[in-house]
Amino acid sequence: MKHIKIAILTLAWVVTGTLVAQQTPASPQTEAISVTGATAHIGNGSVIENATLVFENGKITAIGGADTPTKGKLIDASGQHVYPGFIANCTSLGLVEIDAVRATDDQDEIGDIIPHIRSLIAYNAESKVVESMRPNGILLAQVSPKGGFVSGTSSVMQLDAWNWEDAVVKTDDAVHVNWPSSFRRGRWWMGEDPGLKPNANYQRDIAAFKTFMENAKVYKPELARQQNRPFEATQGLFNGTQKLFVTANGEKEIIDAVTTAKQLGVKEVVLVGGAQAHKVIDFLKKHSIPVLVEATHQLPPSDDADYDQPYKLPKLLADAGLLVSIQNADAANFQNRNLPFYAGQVVGQGMDKETALSLITLNAAKILGIDGEFGSLEVGKSATLFISQGDALDMRTNQLSAAFIQGRSISLETHQTELWKRYMGKFEGK
Amino acid sequence: MKFKNLFLGLCFVSVTAMGQDYFPKNDGVKVTNNNYTALTNARVYVSPTQIIDNATLLIKEGKVVSVGAQVDIPLQAVVTDLKGKTIYPSFIDLYSDFGVNTPKSSGGGRGSQYDPSREGFYWNDHIMPENNAIDAFSFNNKEAKELMSQGFGVVNTHLQDGIARGSGALIALNPEQTDAQRILASRSAQYFSFNKSRIKKQSYPGSLMGSMALLRQFFSDAAWYAGGNSNTRDRSIEAFNANKNSLAIFDASDKGNILRADQIGDQANIRFTILGGGDAYEDIASIKAANAPIIVPLNFPVAYDVEDPFQASYVSLEDMRAWNQAPMNPAAIAAAGIPFTLTAHGLKSKKDFLKNLQKAVQYGLDKTKALAALTTTPASLLGRSDIGHLKAGAQANFIVSSGDIFESDNTIYEHWIQGTKNILKDKDILDIRGSYRLSFEGRNLDLKISGSVEKPAAKISEDSTALATTLKYKEGWIHMVITDQEAGGKYRMSALATQANEISGKIVLVNGTESLFTATKTEAFKEKDKKASAGTAPEIMPVTYPNVGYGYAQRPTAENTLFKNATVWTSEAAGILEQTDVLVKNGKISKIGKDLSAGNAKVIDATGKHLTAGIIDEHSHIALKAVNEGGQNSSAEVNMEDVVDPEHMGIYRDLAGGVTSMQLLHGSANPIGGRSAIIKLKWGAPAKELIYENSPKFIKFALGENVKQSNWQSYSRFPQTRMGVEQMFVNYFQRAKEYEALKKSKQPYRYDEEMEVLVEILNGERFISAHSYVQSEINMLMKVAEQFGFRVNTFTHILEGYKVADKMAEHGVGGSTFSDWWAYKYEVNDAIPYNAAIMHSQGVTVAINSDDAEMSRRLNQEAAKTVKYGGMSEEEAWKMVTINPAKLLHIDHRVGSIAVGKDADLVLWNTHPLSVYAKSEKTMIEGVTYFDIETDKAQRAAIEKERNTLIQMMIADKKNGAPTQAPKRSMKVELHCDTEL
């Protein structure tokens, strides 16, 4: 076994030409751990000062004030903060390593309607980009295929694993759809005006999706003469075991997407993007649609828009009573480590800090349907959490001293910290 | 039959043709017609300012003989009475492609062609002064009639392709004669533009600044060539030099390009007449200062169909305003006293010209100035004394119209060109409308003729029973068909209309018998009152600075200001000062201390707030019209100062993020890029005021994957490896050394703008900011510089700088880096967010930059990341976006810190500026508040209100029958280093 491990490490070293492939995944929690003296940010909006948090066998067994009995190994986190692990939605973590190098890119399969394409399969548990999430507090991620109309099916991963089988915490959780836009960009590199103009194919594309879904709905594997993988892959949408994550940004597109999905009998619809969701709040509330807002570090959607429109959008929706989280599907993969700061940005717009925290913890877990296990520091939930020396939503104070996934004490080193230490060592003569 | 008509037509031409009497004649006897034509009793615009009522215009052999109220009419004159009619001189269009086909793009793949395709011409295929429109010219009857109907009698046509387009030809739109008469001049003007040829494929220039540099070099080369310095023949230059004294016309297409064209002309001592884009009114002061004649198009934007609110939200306020404001462009130009002409160029249908001209008049264009812009001004620019007016000796080119040509109820009847009459509408048509008693074969019917004079319609009734009737009225003949159910068939009638009160002619009865009919007028026709629609002045939205959303109604001015009781981040040795006052006077920081007295200054209570120097972004591509000139591996000759776009919304958004200065860099498409523009974000000021006065000189260099073209399919341009990149630099610097030696030797030399720039680098007068990633190439450029005795100023991006930080410190180069970007391409695989901290630890001056319109507006947060990654102190972290980039850009004597005597470029933050929670409340440059969070709120409301007003106006316009276009959003492509534009 040891030989195999070395062989894998050596191989990876040869392939990537760097120090090691990835930090070694932590072994299972063997003794109880008690964190004391910290400010505990529960994730549901509440805070416990000078808190004691106990976890055992990967589960939180106690959380409360200083008088909570401790057990096992003690971690004195006085003056520090403890948070539930942050959850990044709609990522392509582990599917692409270097955007410009095609050989490292497994995020976009050919075909327009391909729900049977599963992200789980290509997930690279040893990605250097994945490990770089953890020092910023991101411990869980939904990994989804990209591109096309129906991109494929995602799974939810914890970010400290040997392989995709032990990484996955929820398999095939959602089917991802990119709703077409009623306006399309001119192909400026072909001499067209680069602006947006009405998309003549909008209705046609939607009709193709509807036809597919209507057929998928009545698909009966036991009666069909041949298996139909795409139809099969959508069955969970109709019985509520899978969610439909639909990316739509315009007012019209949001209404069309949600209405169509509901008419087709999809039980659980999640709106992704929602740049103009604030204009259809009543509609979204009526249909109880959660919104995964685009990362707040965006340019405003138009020249006339408020310069802080992307900063405040999560607040506008949350204030109206919608379930809101944040995703960063459009940006490069590595940017997902800035998730806490996307939430922090909303605080600058007047959102309460604990509410902002819930955007990327409990709300994200609820949207993924994993809130029974993740997303907040509550007894019975997974001990997937971290300790930060300061406010983890602000970049100047987000400084992790320890992190745990399922109670396992994970490494906070990365390819990047190792290079840092290596060259500082060189310059300091170590 | 057709052939016979053609034959007759030719005969007619040969009879009336002038000036060809030395041609042999084999089809009959020679005939000449020396008769006069006298047009009497008309109102004649001899020129825009000389108007004579009841005048006689006497013409002969295509020319005006005399004009005036008292003109003796010779005996051999054909006299036409034009009582009540108005005569205008024909219009002249300086910018036309009449009879010359504009080539269409042949398309083509992605492969790049770097070398020219021609021999014996200029080295760049897009320079084609040897082209002559006349060689491609073929008179087009249909187009000529269309233009005549819009008032044009003479056009200057040219081949609309390429950067130097060659010579145009001046054409009289005379369909009745031959090219011998019509071609007034065959080298009437030279034409230029910034746009590459559609048919030539040479890559260079690939950008606006590249086109500008190419033209500068070409004009310089032409002068050098004229001095007899070249050993080789260049037919392009020879053609240009041969026509150097003719009118030079530049297609600029928008207000910024008018200034760019004018600037190039000034440098080459050429006064361009410049075709604008209809938006000059937005920056009329700069355009006037350019002192160039402007050719003004009348292609006003069509209203957007904004009835669907979803779709309407895509249209920007800027575009809505353009619809509302653009018709006043000619009026604004005229009012500013700028010499101008008008053109039909740019109109989708030339038939809209008069309609739009009338609209421009409605929007305030003075009629006399409009007429001058169409007649005397273009004639004088062309140096022609024989067109554009109707004085004795002028060509007999004129319009006969019903009245005022600038009013919509006007009709043009005739357009005479070179003495030949072209009838557009029959002015002598008999008005047959009215009520008649129609009698034939003992029957009496009531006939009512109504409709228009040219196309009347008839109704017939007998004892109030209507009989179906059709009426045709053409060339004086009336044809009617009456259906009589009782008689079981149709009556057919024909008559020549000769008098107003009676029509009589032949009728064929149902049974085929012929008889006569008479219709006697019983009542005159009465015109219905027209809808009173005209008269109300259009509502025009005010122009703002810049004329887009968030533009200011007035340009903001400097205010003496006292910030009271702030936490002051000095970015100086003084560090962070608590509860401190800062006094701003005359745009400078005048005092820093406690309890300062305000004097006349406005006091701002900054208690609990933080005051910092404005953020400086070392690496940005916002506010640019183009980024990369990748058509060659070196483009040192291009200058980003040429393409600053002061209206880019990125400026305002960056102000909201506390940014006040930045370097606008060329992209990274080639190893030697272009010169930089270092600007202040003075929102609302024209481009030239954004650029630092006495700006430090910078140039972009680039290394690595982009210059090797690794990530796109291109394999033909040297260099393709990092090895080649080094050799290219060595070669260019060596050549620059040799160039300078030659120049200093006082031997004749060809001025080479690219070499001039490289010489500045060698001499330490221009600084390099080098896009770089991996350690090998960083090391290489330092070694090349050392070999040539200069120092690299800045490595930008420099993501592996941490690996060679010691070498960088030794060389003395600064590093301007991303805080945490990596993994997007292979060369950033070892990029780490600790880079800034490591370089700093080794004594390198480090800045955090954006290269991104979004990140630029949060550089305070990016600086804060160096606290997280590598443990920088907050004070040092803050310097990375203020004084450190100022030092790297050599502007630290003016900006980058809060020190007495420095520019008052300040930001007031609501909280700790490195916090993700911080917002700028005020951003000030030189004492002028360019962003204020309260003003911003008011602006948002104003945008909503104005959008709504304009939407209501467009919907009302649509209801009144105006054409609309589908909503769209104009978009500038967001530019990064890699953008190929």
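Which residues is Pro290(A) in contact with, leaving aside its neighbours within four places in sequence? I looked it up: Val270(A), Leu322(A), Leu323(A) and Ile367(A). For me "in contact" is a C-beta criterion, with the two C-beta atoms, placed from the backbone, within 7 Å.

**Ground rules**

I am working on a predicted model, where local features need pLDDT of at least 70 and side-chain atom pairs count only at pLDDT 80 or more, while totals for chains, interfaces and linings use all residues. Residues are numbered from 1 along each chain as its sequence is written, and chains are lettered from A and ligands numbered from 1 in the order in which they are written.

**Pro290(A), continued**

I placed Pro290(A) in the loop between helix H9 (281–286) and strand E14 (291–294) of chain A. Helices (H or I, at least four residues) and strands (E, at least two) are DSSP runs, numbered from the N terminus. Pro290(A) has 23 other C-beta atoms within 10 Å, so I log it as buried. The cut-offs: buried takes 20 or more other C-beta atoms within 10 Å of the residue's own, exposed 12 or fewer, and partly exposed is in between, again with C-beta atoms placed from the backbone. I also checked Val324(A), 34 residues along the chain from Pro290(A), and their C-alpha atoms are 5.9 Å apart.

**Chain B overall**

I counted 24 helices and 44 strands in chain B. Its C-alpha trace spans about 115 × 70 × 55 Å along the principal axes. Of the 981 residues in chain B, 51% are buried. I took the contacts in chain B between residues at least 6 apart in sequence, and 67% of them join residues at least 24 apart.

**Where B meets A**

I find 52 residues of chain B in contact with 43 residues of chain A. On the chain B side, the elements giving two or more residues include helix H8 (309–312), helix H14 (649–656) and helix H24 (933–959). H21(B) gives the most, with 5 residues. By class, that side of chain B has 27 nonpolar, 10 polar and 15 charged residues. My classes are Ala, Val, Leu, Ile, Met, Phe, Trp, Tyr, Cys and Pro as nonpolar, Asp, Glu, Lys and Arg as charged, and the others, Gly among them, as polar.

**A helix pair**

The axes are lines fitted to C-alpha atoms, for helices over the stretch in contact, and angles run from 0 to 180 degrees between N-to-C directions. From H16(B), the contact uses Arg722(B), Val725(B), Glu726(B), Phe729(B) and Val730(B), and from H18(B) it uses Ser776(B), Glu777(B), Met780(B) and Val784(B). I sorted the residues of this contact into 5 nonpolar, 1 polar and 3 charged.

**The nine-stranded sheet**

I traced an open, antiparallel sheet of 9 strands in chain B, in the order E21-E20-E19-E18-E26-E25-E24-E23-E22. Pairing here needs at least two DSSP bridges between the strands. Strand E21 (465–467) and strand E22 (469–474) are at the edges with a single partner strand each, so one side of each has no neighbour in the sheet. The twist averages 30° from one strand to the next. Inside the sheet, strand E18 (residues 434–440) and strand E26 (residues 514–524) of chain B run antiparallel, joined by 7 bridges. I noted Phe440(B) opposite Phe517(B) in E26(B).

Strand E36 (residues 697–702) of chain B is mostly covered, with 5 of its 6 residues buried. E36(B) pairs in the parallel sense with strand E37 (residues 766–772) of chain B over 6 bridges, and Phe701(B) has Ala770(B) as its bridge partner in E37(B). Strand E34 (residues 672–675) of chain B runs antiparallel to E36(B), with 2 bridges. In that pairing, Arg675(B) has Ile699(B) as its bridge partner.

Arg675(B) also turned up among the residues that Val638(B) touches, along with Ser207(B), Met209(B) and His666(B), not counting residues up to four places away in sequence. I found Val638(B) in the loop between strand E32 (615–620) and H14 of chain B. Val638(B) counts as buried because it has 33 C-beta neighbours inside 10 Å.
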